[in-house]
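Biologist: I'm new to reading protein models. Could you walk me through this one, a feature at a time?

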Amino acid sequence: MNPLIPLFIAIPLAGAFLIMILGKFFMDMNRYFASMILLILLIFSIFSLATTGTDISVYKVGGWEPVNKIPIGIYMVMDGLTVIVLCIINVVGFMSVFYSISYIKRYTSENYFYALFCLMIAGMNGVVLSGDLFNIFVFLEISVIAAYALVAFGVEKNELEATFKYQVLGGLASFLILFGIGFIYWKAKTLNIADIREVFSNGYDKRYYVLVQVLILAGFGLKAAIIPFHAWLPDAHSSAPSPISAMLSGVLIKAVGIYVIIRLFFNMFDITEGTAILITSMGALSMVIGVFLAIGQWDIKRLLAYHSISQMGYVVLSTGIGMILISRGIRLEVAALAIAGGLFHLVNHAMFKGLLFLNAGAIEYKTGTRDLKEMGGLSGIMPWTSSTSFVASMSISGIPPFNGFFSKLIIIIAAILGRFYFLALLAVIVSIITLASFLKFQRYAFYNTKEKKKTEKNDVPFPMVFSMVMMSILCVLLSLLIFPGIRDAVLKPAVDILMDPSKYASQIIGI
Amino acid sequence: MTVYLLCFILFLVGFYGVITRRNLVKIAISLSIMEVSIFLFFALIGYIDGGVAPIVDPSDPARIYVDPLPQAMVLTAIVIGLATTAMLMAVIIRIYRKYGTFDIREIRNLRG
């Protein structure tokens with residue numbers, strides 16, 4: 001039993017309101033206050049990661065004990081998968097909010113920014129911790145409403161257009177999810193994820209089940225921007241202020257999209273081969289189409305946003321391969337490897353894509369442009385930005401010894417061992433195109449210069465440099481997860497929860 | 001079954017509005033229609049024919065009650081829907097101030 005579970009939601013929620021109140025009196029305090037809140041959450045999440053291990057701890061909201069082993073209250077569940085996602089939320093969140101101390105000074109009404117940021121963190125922590133379907137929906141709406149407002153934070157033409165698109169598509173996604181929840185409640189008469197699995201394990205109407213799965217997959221797929229549903233992502237992620245782009249691309253699409261899809265399709269629904277193949281092909285499509293859309297972009301943040309779609313494709317593809325193998329009941333150790341690779345890539349992507357968006361923000365902060373054609377020769381002027389973005393670019397394109405290489409390697413090995421040779425080939429090709437695209441980014445932004453400009457160093461302020469350097473160190477350190485000892489401690493509990501679908505349900509019902 | 005079908009038709013009406021209307025305010029209205037159809041669906045799945053309000057009467061154990069949980073969920077969802085609609089309207093007002101139009105065909109800065 002982990003006593004910290006409710007604090008992950010209570011602290012940022014309370015912080016959001018305190019920032020609004022205190023911001024009236026102390027204008028300069030709120031930015032440090034927000035960093036403090038995120039630092040506390042960061043320490044809590046690391047502590048939880050270190051202590052959770054394989055056991056599942058449940059917090060019953062309001063102390064409603066189960067009656068006849070049927071859960072009646074709202075459950076907050078913390079297990080191996082949860083703590084990994086919690087860690088990336090709070091690590092990237094802390095880095096972004098610390099970076100904002102300097103970056104956000106150019107906007108007005110800073111305290112609104114920090115309050116909305118804390119609300120978004122509270123919502124995402126809630127989604128990840130929740131063990132109850134309707135509660136997931138409520139927290140999801142908290143986080144995405146804050147995200148809508150943060151995307152529009154600049155209130156210029158582009159930001160407003162992007163947030164309108166995001167809101168209409170996000171609204172559609174919420175309705176599909178709500179419809180799905182309604183259908184599940186209609187038949188199961190319960191909202192607890194573990195209990196729903198128990199109820200459906202006694203037999204169900206197959207066509208009804210497929211309808212529910214399609215609704216849920218479409219809804220959360222829209223939130224995660226998997227390829228047929230990706231239209232809002234490049235606009236929203238490129239228009240938001242850079243720390244928010246880092247949060248949206250690095251964390252939000254994972255916490256409210258991919259994480260929920262993985263959790264529900266492994267732990268709530270029975271894994272069937274049809275849905276597994278559907279999810280795998282959606283992942284493969286995102287991987288390929290995302291990278292081809294990215295290659296023609298000249299706006300840095302749009303380029304990075306399209307690469308988010310492509311890299312999320314890797315995660316979905318590899319968990320999908322795991323699902324196919326589990327549904328066929330063959331080569332389970334390969335399935336475990338594929339799922340571990342997907343989760344590893346999820347963590348890595350949060351780090352390097354967050355870092356890349358922070359780099360893009362630093363470039364925009366100094367040069368005032370996002371167009372690659374207008375840049376050049378920045379490596380002499382901004383050494384910190386240049387070197388950290390080199391680390392991130394090499395990570396995302398899968399060059400050893402950075403973390404992206406190892407996760408892509410695991411995914412490709414798992415695809416080959418699972419006899420999905422075509423998918424493995426696609427993953428390699430996409431990785432090469434990603435490398436080409438990021439070499440273009442490096443060359444045009446930092447090196448390509450005709451005239452010898454003044455080369456005096458003029459880098460961004462300390463908080464921005466600190467966040468970028470910390471994230472690049474994490475990018476290198478995370479490659480340690482490849483070693484079996486560390487991998488067993490961090491990734492294995494999460495994989496175990498996903499590999500044995502009934503374990504999650506039976507453990508929670510048993511409490 | 002007819003009621004559920006009508007509820008689904010209401011959802012489709014809203015969806016049709018979202019994809020065909022060109023006025024931003026009408027898109028917002030269509031989204032609200034879709035939302036209402038889902039609230040209606042939730043209210044319907046909690047309904048039991050002949051049921052009464054779920055205030056348990058110990059003297060009459062055989063009595064049928066309607067399911068109160070969907071009603072609680074609908075109330076929560078209405079509040080959330082209010083927040084999203086208010087947010088959308090605020091953005092539409094800002095868009096009108098910047099672009100001077102509600103027509104979605106003229107709001108096309110972002111491409112690619």
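Predicted model: local features only at pLDDT ≥ 70, side-chain atom pairs only at ≥ 80, totals over all residues.

Biologist: Why does Asn68(A) count as exposed?

Modeller: You count neighbours. Asn68(A) has 5 C-beta neighbours inside 10 Å, so it counts as exposed. Val155(A) has 15, so it counts as partly exposed.

Biologist: And the peptide bonds? Where is one that is cis?

Modeller: Go from Pro400(A) to Pro401(A): that bond is cis, with omega near 5 degrees. You'll find Pro401(A) in the loop between α15 and α16 of chain A.

Biologist: Back to α2(A). How many residues does that helix have, and how far does it reach?

Modeller: Helix α2 of chain A runs over residues 29-52, which is 24 residues. From first C-alpha to last it reaches 34 Å, close to the 34 Å expected at 1.5 Å a residue.

Biologist: Which of its residues are buried, and what covers them?

Modeller: Among the buried ones in α2(A) are Ile37(A), Leu38(A), Leu41(A) and Phe44(A), and Asn30(A) and Arg31(A) are buried too. The cover includes α1, β2, α3, α4 and α19 of chain A.

Biologist: Zooming out, what is chain A made of?

Modeller: Its secondary structure comes to 20 helices and two strands. Buried residues make up 61% of the 511 in chain A.

Biologist: Why does the radius of gyration of chain A agree with a compact globule?

Modeller: With 511 residues, a compact globule would come out near 24 Å, and chain A has 22 Å, so the two agree. The C-alpha trace spans about 75 × 60 × 45 Å along its principal axes.

Biologist: Last one: how many residues of chain B are in contact with chain A?

Modeller: 27 residues of chain B touch 27 residues of chain A. On the chain B side, α3(B) gives the most, with 14 residues. That side divides into 20 nonpolar, four polar and three charged residues.

How values were computed: Residues numbered from 1 in each chain as written. Chains lettered and ligands numbered in written order. Contact = placed C-beta atoms within 7 Å. Helix = DSSP H or I, 4+ residues; strand = E, 2+ residues; numbered from the N terminus. Nonpolar A, V, L, I, M, F, W, Y, C, P; charged D, E, K, R; others polar. Expected span 1.5 Å × (residues − 1). Buried ≥ 20, exposed ≤ 12 C-beta atoms within 10 Å, placed from the backbone. Rg over C-alpha atoms; globule rule 2.2 N^0.38 Å.
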